[in-house]
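Reader: Can you walk me through this one? I'd like the overall picture, then a few residues.

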Amino acid sequence: MTPPGRRVLAAASAALGALVLSGCAALPRAATADVRTLAKIDGWRADLATPPQVFSALEVAYDPETAQRMWQENVPPGLPARGGDPTRFGLYGDLADVDFGGQAVALWSGGQSGSCPGWLSQVRRAETSHVVVTEELDSGIGNACSRDRNVYRTVVVIERDQLPSESSLASAHATDDDPECPAEVLLAAYPPP
């Protein structure tokens, strides 16, 4: 049995192919805001389940207490300190540097090629209740990425003005930034204990 979140790229390609055939409208463009990675960890959190044909998730913590619990539940002790783009598993920052007056903390769960590491780089609010996410990848030499899918999660800092309010998060939705056929992203509050 395949563990939760470990879906092959072939399934994603088939889903995207079905969406392309059905026709997708381009998303409106708006100002983007870079996210700051605090930690990158192998695998998804144990209880994360996404709807069918949804291959990534953004779970938001608006307050320091929930963010601290998110950190404790997802960031194992002993991760090495890292710098630069978050291509490797490790610590890239600290919760102490988050200004919860203007920022929120989120757990991004995505997938990357085994040869081209990825990370969440931007989040923008395209409409009041629509968030668009952008992933970057390090394609290395020759821009050739393997077709395997390796799930990972990152704890990131996002500017609050790029997210729906906490009270409207449940009715909001998110997609990736594909201009022709954006894929759905699970958008939710970080779950309570």
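Reader: How much of the protein is buried?
Author: Buried residues account for 45% of its 193 residues. Buried here means under 20% relative accessible area, exposed means over 50%, and partly exposed is in between, with a 1.4 Å probe and protein chains only. This is a predicted model, where local features need pLDDT of at least 70 and side-chain atom pairs count only at pLDDT 80 or more, while totals for chains, interfaces and linings use all residues. Residues are numbered from 1 along each chain as its sequence is written, and side-chain values use heavy atoms, leaving out hydrogens and water.

Reader: And how many helices and strands are there?
Author: Two helices and 10 strands. Helices (H or I, at least four residues) and strands (E, at least two) are DSSP runs, numbered from the N terminus. The order from the N terminus is α-β-β-β-α-β-β-β-β-β-β-β.

Reader: What does helix 2 pack against?
Author: Its buried residues pack against strand 2, strand 3 (57–61), strand 4, strand 5 (103–112) and strand 8. Those buried residues are T66, A67, R69, M70, W71 and N74.

Reader: Which residue caps the N-terminal end of that helix?
Author: D63 does, with a side-chain oxygen 3.1 Å from the backbone nitrogen of E65. That is a polar contact, meaning a pair of N or O atoms within 3.5 Å; within protein, one must be able to donate a hydrogen and the other to accept it, and residues adjacent in sequence count only if both atoms are side-chain atoms.

Reader: OK, strands. Why is strand 2 described as largely enclosed?
Author: Because five of the seven residues of strand 2 (residues 36–42) are buried. Strand 2 runs antiparallel to strand 8, joined by six bridges, and I41 sits opposite R153 of strand 8. Strand 2 also pairs with strand 4 in the antiparallel sense, over two bridges; there, L91 is the bridge partner of A39. Two strands pair if DSSP finds at least two bridges between them.

Reader: What about strand 6, how many of its residues are buried?
Author: Seven of the 10 residues of strand 6 (residues 118–127) are buried, so the strand is largely enclosed by the rest of the structure. Strand 6 forms a hairpin with strand 7, with two residues between them. Eight bridges join strand 6 to strand 7 (residues 130–137), and the two run antiparallel. Within that pair, R124 stands opposite V132.

Reader: Switching to arginines. Where's R149, and what is the nearest side chain of opposite charge?
Author: R149 is in the loop between strand 7 and strand 8 (150–159). R149 is buried yet has no salt bridge, and the nearest side chain of opposite charge is E135, 6.3 Å away. A salt bridge needs a side-chain nitrogen of Lys or Arg within 4 Å of a carboxyl oxygen of Asp or Glu. A polar atom of the R149 side chain does lie 2.4 Å from the backbone oxygen of F55.

Reader: And R82, what does that one touch?
Author: Leaving out residues up to four places away in sequence, R82 touches R88, F89, G90, L91 and Y92; contact means heavy atoms within 4.5 Å. The R82 side chain has a polar atom 3.0 Å from the backbone oxygen of F89. R82 lies in the loop between helix 2 (64–74) and strand 4 (90–91), and R82 is partly exposed, at 26% relative accessible area.

Conventions. Lys and Arg count as positive and Asp and Glu as negative; His and the chain ends are not counted.
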